[in-house]
Amino acid sequence: MTISDPLILPNGATLKNRIVKSAMSEALADEYNNPTQAHIDLFAQWSAGGAALLITGNTPVDRVHLEHAGNFVLDPDSDIERVSALAASGKSGGAKILVQLAHAGRQTPEAINARPTSVSDVQLDLPGYGKPTPASEAEFKEIIAKFVRSAKIAEDAGFDGVEIHAAHGYLLSSALSPRINTRTDRWGGALENRARLALEVVKAVRHAVDPRFIVAVKLNSSDFQKGGFDHAEAVQVAVMLEAEGVDFIEISGGNFEEPTAYQHASKSGSTQIREAYFLDYAAAIKSALAIPLMVTGGFRSANVMNDAISSGKTDLIGMGRPFIADLGFAARLLSGEITKAPFVEQNFPPADTLPRGAVLNWFCTQIALAGKTGAPDLTISLVDGHKSYLNQIKLATERLLEARRD
Ligand SMILES: Cc1cc2nc3c(=O)[nH]c(=O)nc-3n(C[C@H](O)[C@H](O)[C@H](O)COP(=O)(O)O)c2cc1C
């Protein structure tokens, strides 16, 4: 078994190979949170680039809980023509496309919502995020209904499915964490209670959409935080999700406070990080499941990917940053023309020597460029790319707030 082999998902959908573009927040939506032409053009290129499946960036189910101003949103105010054009471009080159549905919870920027709804009042330990308000019973019901509403809009617009974001510290992920979820009602405490929100969302979405519509979940293998959602619990939650009829689970890790999802170099002084950093965690989850598993984070060499698949540790290989550095590398990796995915981030200094988020922001600048001009510009310096994104998001936030005032 290799990365070139097709995979049939439990709902009958066939993925033509094992390479998936993981979700990467594009920050390309307009001030009304609709997809732009740059967005649409970018997905057409990715679709033609050889991957079997594309997952959009974080797509909020609720306008007041954005992950940032440039998110496109799926709600009744969405421009359905633009959203349908995005779905069509994602499929135009032969890939399938899922929307990643999310609620940012306490990770909603303060400029957008100073009092976001979360699972508790435990505030993010970073500047720029307000004190959250714990959701009431009625609000949890509304949130679940919003996931369903967005999934149905995605289905009507022509997407092949949705991925429910239950990783990286957003609302569903924070509910899983005993460190953040301090509730004593039926939404907190025992693991079954902390998992309730993710499970109820999945159950309601699965029930509302066509059985052939893909429903996937992104889950942390661990939050990697003291007292947080840990690996043993992740294995149990994956089994609970499987019972609700998900088609595959994607494994990642960390959150805003502990950004382990996108590593590029170890802390200064220690050794270089290894490839596929969540693979060993994922293997334990994989052996507890019958449904396919996708692992994302640090895959770069074809031989590491092929070994991961042939040894049964994962079924799908998710990659993010390589798809920014070279929009069409997947076809060449699959054909054997190249043996490594682009790995530009390995040349950047260790994260602890850089401003917070610098490397991530450099990649965000490259996404915007790739959407607007058709290609990234890898000659842009790390500092310039970082600053350019900070400026881009500042302007996008100003435009969004102005549009909302009108
Ligand atoms: C610019 C950028 C934006 C990202 N946005 C999202 C997102 O919206 N949702 C998500 O689940 N993961 C997001 N990620 C994480 C990626 O999906 C992936 O898990 C991570 O980059 C590790 O994979 P890689 O080593 O192949 O890049 C983002 C990563 C990058 C670099």
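**Close-up 1. Glu 137 and its salt bridge to Arg 186 in the predicted model.** Glu 137 belongs to helix α3 (residues 137-157) and Arg 186 to the loop between α4 (171-176) and α5 (191-194), so the contact ties together parts 49 residues apart in sequence. Helices are DSSP runs (H or I, at least four residues), numbered from the N terminus.

**Close-up 2. Salt bridge between Arg 194 and Glu 233.** The closest N and O atoms of this pair are 2.8 Å apart. Arg 194 sits in helix α5 and Glu 233 in helix α7 (residues 231-243), so parts separated by 39 residues in sequence are tied together. Both Arg 194 and Glu 233 are buried.

**Close-up 3. Salt bridge between Arg 321 and Glu 345.** The N to O distance here is 3.9 Å. Arg 321 is in helix α10 (residues 321-325), and Glu 345 is in the loop between α11 (329-335) and α12 (358-373), 24 residues apart. Arg 321 and Glu 345 are both buried.

**Notes.** Residues are numbered from 1 along each chain as its sequence is written, and side-chain values use heavy atoms, without hydrogens and water. In this predicted model, local features need pLDDT of at least 70 and side-chain atom pairs count only at pLDDT 80 or more, while totals for chains, interfaces and linings use all residues.

How values were computed
Salt bridge = Lys/Arg side-chain N within 4 Å of Asp/Glu carboxyl O. Helix = DSSP H or I, 4+ residues; strand = E, 2+ residues; numbered from the N terminus. Buried < 20%, exposed > 50% of the residue type's maximum accessible area, 1.4 Å probe, protein only.
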